[in-house]
Amino acid sequence: MFCAGSLLKLETHLSLLFSSSPSQRKLECSMEGGNTTTVTEFAVLFVTFLVAYLLILTENMLMLLVTSTDSHLHSPMYFFLSHLSFLDAFYSSIIVPKLLEHLLSNWKTVSLLECFAQISLVIFSGATEACLLSVMAYDRFQAVCHPLLYAVAMNRKVCTGLVGASWAIGMGTGLVNTILLAQHHFCGPNLVRSFACELPPVLLLVCSDPSVSIASILTTMVILGLVTLVLLLGSYTRIIMTALRINSATGRSKIFSTCSSHFLVVTIFYASGVSRYMTPASGSVLEQVLSVQYSVVTPLLNPLIYSLKNQEVKAALRRMLTKKPRLSS
């Protein structure tokens, strides 16, 4: 659900028009204004988001391809990265295609069922990514701080269990919060200032007591966000402390460079997600920027920060591109 002008003008927002029959409920976005300047701005936005989306798909699909086909990358770190790449491509695909569709049309409609599905998938993707990022930090902690025990600590069974738990936690979180939201009664004024169906702005349409849904999402953010953040910070802190004891300046520099870039991505993801879901929705431009950060910017940066700047990945890409096809006899 998107009203293109909401990224440009606050007065442009989404209208949710509920019919008397629940099965016929539709979400509709009306667009105010229509001068040449606005149309041009919409075209620029469309091209910008289209290019960003194509880059996200290309980067992440490339990472999935190279990590699955190159035997040199069949290690725990790249196993986790492949799941992160798939999740990032999936995450953006929940939001951006609908955004692009609505940028080209004056009236925006989406079924209520589709809206709830989008809410559930956004929460699921965000929760799963938070878990995966903390798992990846733990993996780096084991590799740097306990290199001799790394193969035992991060064996195939452990890695599969950590990834499975991340997906399961994400699915459970998305389902619980969406089911609780669906129990509410919705009514006017039926205006959502957002370019996607997300829980905070849709909660403003609730006429019944929303305290259960609010408590649920806040509990999710506090428990899931706090636990994964503690794991992240704890892992990177131990990595930095270990790096400080390394005599090699090159080794220290490599570890600090890796940690700083990883920490940048984590900061953007957590800061935007927490700000969006733990503060009351108002429809401000800042909220739209925060949503863009974790649905577009983070999936765009993750492959560059975690993978494509990695020397092993670069070598694997060169091998894949220069590999000669075998001729069948």
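The count comes to 1 disulfide, taken as a pair of cysteine sulfur atoms within 2.5 Å. The model is predicted, so local features need pLDDT of at least 70 and side-chain atom pairs count only at pLDDT 80 or more, while totals for chains, interfaces and linings use all residues. Residues are numbered from 1 along each chain as its sequence is written, and side-chain values use heavy atoms, with hydrogens and water left out.

Cys115 and Cys197 form the disulfide, with sulfur atoms 2.2 Å apart. Cys115 lies in helix 3 (residues 112-145) and Cys197 in the loop between strand 4 (191-192) and helix 6 (199-203), so the pair ties together parts that are 82 residues apart in sequence. Helices (H or I, at least four residues) and strands (E, at least two) are DSSP runs, numbered from the N terminus. The link of Cys115 and Cys197 is left-handed, with -115° about the S-S bond.

| Residue | Relative accessible area | Class |
|---|---|---|
| Cys115 | 2% | buried |
| Cys197 | 0% | buried |
| Cys145 | 16% | buried |
| Cys159 | 4% | buried |

Val230 lies in helix 7 and is exposed, with a relative accessible area of 52%.

The UniProt annotation "transmembrane region", from an unreviewed entry, covers several segments, including 78-96 and 212-234; such annotations may be inferred rather than shown by experiment, and positions follow the numbering used here, with feature names shortened. Residues 78-96 are 100% helix and 0% strand, with end C-alpha atoms 26 Å apart. Residues 212-234 are also 100% helix and 0% strand, and there the end C-alpha atoms are 32 Å apart.

Key. Buried means under 20% relative accessible area, exposed over 50%, partly exposed in between (1.4 Å probe, protein chains only).
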